[in-house]
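Let's take a walk through this model, helix by helix and then loop by loop. Keep the viewer open as you read.

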Amino acid sequence: MRLVGIDGNTEATFFRCLHDEVPDDPRVTKERRRWYEAFRGKGLRAQVLILDTEEVVGLCQYVPIEHSHLIGDDLLAILCIWVHGYDHHVGNRQGNGYGRFILESIEEDARASGAKGVAAWGMDFEFWNPVSFYEHMGYRRVDQNGSVVLAWKPFAEDAEPPRLLRPRGSLPASTDRVDVVGCMHGWCGGGIGQCVTAREAVEGLADIVAYHEIDVSDRETMLAVGRDSGVFVDGEPFRPAGPPYSVDDLRAEIVRRAETTP
């Protein structure tokens, strides 16, 4: 097996997060590609894991932490590692050591590039991007915000611990309507999908909702608002750790707030 940078044969699979069974959503792919083109010159590694059978069963993307949604210096930041975990398409390939192979390859790259360590974020539960995977691989927790955990593995004695981004400042707000804000980054298809859902949910509701979309792929903007992704309703994150929500779910929340707000 080999871990290689994406090319014309694998980029569509990468942009869809291995979900080749799902029809391409050009709105999501457009934002993924825009982000990829903007960050590939900033040290981004966008890679897929290909078996000897030529099946694509995993992916990863990582970048110098200075260009990530994390706070720190002289580290590589893992945005995501994903090994196909569903029965459909190529089947569930987790539990075969592929995640370990990807992570060890990232660490080897980090050492070769002179990074002082690797930072990785994960969730404090097991069903999606669990931080326990990194802990099993020798990473230590260094910061936490709710269920989001930041772990790291330093290589150098003078490496400084990284930190999670914290909300700061205020999001755009109106005085007479429900405010929906989408923070668009581009590195996560799921995060992009949330903004796409928000765009659809507010259609036809201009009299009761004000929609704002912030490009947080710009680091200065991201640091100013202290948010790296997500949809916010009247300043509150909408289902930040729950299952994916639909256009109807978000629309219903907007209408409910409009009807109950004086």
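Helices (H or I, at least four residues) and strands (E, at least two) are DSSP runs here, numbered from the N terminus. What you're looking at is a predicted model, where local features need pLDDT of at least 70 and side-chain atom pairs count only at pLDDT 80 or more, while totals for chains, interfaces and linings use all residues. Residues are numbered from 1 along each chain as its sequence is written, and side-chain values use heavy atoms, with hydrogens and water left out.

Start with helix H3, residues 98–112. With 15 residues, H3 reaches 21 Å from its first C-alpha to its last, close to the 21 Å expected at 1.5 Å a residue; that expected span is 1.5 Å times one less than the number of residues. Tyr98, Gly99, Ile102, Leu103, Ile106, Glu107 and Ala110 of H3 are buried. Buried stands for under 20% relative accessible area, exposed for over 50%, and partly exposed for anything in between (1.4 Å probe, protein chains only). After H3 comes glycine 114, with a positive phi near 90°.

Now jump back to helix H2, residues 26–39. Which residues of H2 are buried? They are Val28, Thr29, Glu31, Arg32, Trp35, Tyr36 and Phe39. These cover an arc of only 165° around the axis, which puts them on the same side of H2; the arc is that of the directions from the helix axis to the C-beta atoms. Pro26 and Lys30, on the other side of H2, are exposed.

What do the buried residues of H2 pack against? Their partners are helix H1 (11–15), helix H5 (189–201) and the strands S2 (45–50), S3 (56–64), S5 (76–83) and S10 (178–184). Contact in this account means heavy atoms within 4.5 Å.

The axes of H2 and H5 come within 9 Å and cross at roughly 130°. That makes H2 oblique to H5. For the geometry, axes are lines fitted to C-alpha atoms, for helices over the stretch in contact, with angles running from 0 to 180 degrees between N-to-C directions. Angles under 35 degrees count as roughly parallel, over 145 as roughly antiparallel, 65 to 115 as roughly perpendicular, and the rest as oblique. H2 passes H5 in a right-handed crossing, with Arg27, Val28, Glu31 and Arg32 of H2 meeting Gly189, Ile192, Gly193, Val196, Arg199 and Glu200 of H5. As for handedness, a crossing is left-handed if the near helix is turned anticlockwise from the far one by less than a right angle, and right-handed if clockwise.

Zoom in on glycine 189, which sits in H5. At a relative accessible area of 13%, glycine 189 is buried. Not counting residues up to four places away in sequence, glycine 189 touches Cys17, Val28 and Arg32.

Thr197, Ala198, Glu200 and Ala201 in H5 meet Val247, Leu250, Arg251 and Ile254 in H7.

On to the loops. Most residues other than glycine have a negative phi. Cysteine 17, in the loop between H1 and H2, has a positive phi near 55° and is partly exposed at 25% relative accessible area. Asparagine 129 also has a positive phi, near 45°. The loop that holds asparagine 129 runs between strand S6 (117–123) and helix H4 (131–136), and at 17% relative accessibility asparagine 129 counts as buried.

Tryptophan 128 is found in the loop between S6 and H4. Is tryptophan 128 buried or partly exposed? Its relative accessible area of 44% makes it partly exposed. Leaving aside neighbours within four places in sequence, tryptophan 128 is in contact with Trp121 and Met123.

Last stop: proline 162, in the loop between strand S8 (148–154) and strand S9 (163–164). Proline 162 counts as buried, at 2% relative accessibility. Its contacts beyond four places in sequence are Ile65, Ile71, Leu75, Ala119, Val142, Leu150 and Trp152. Proline 162 and alanine 77 are 85 residues apart in sequence and 9.5 Å apart in space, C-alpha to C-alpha.
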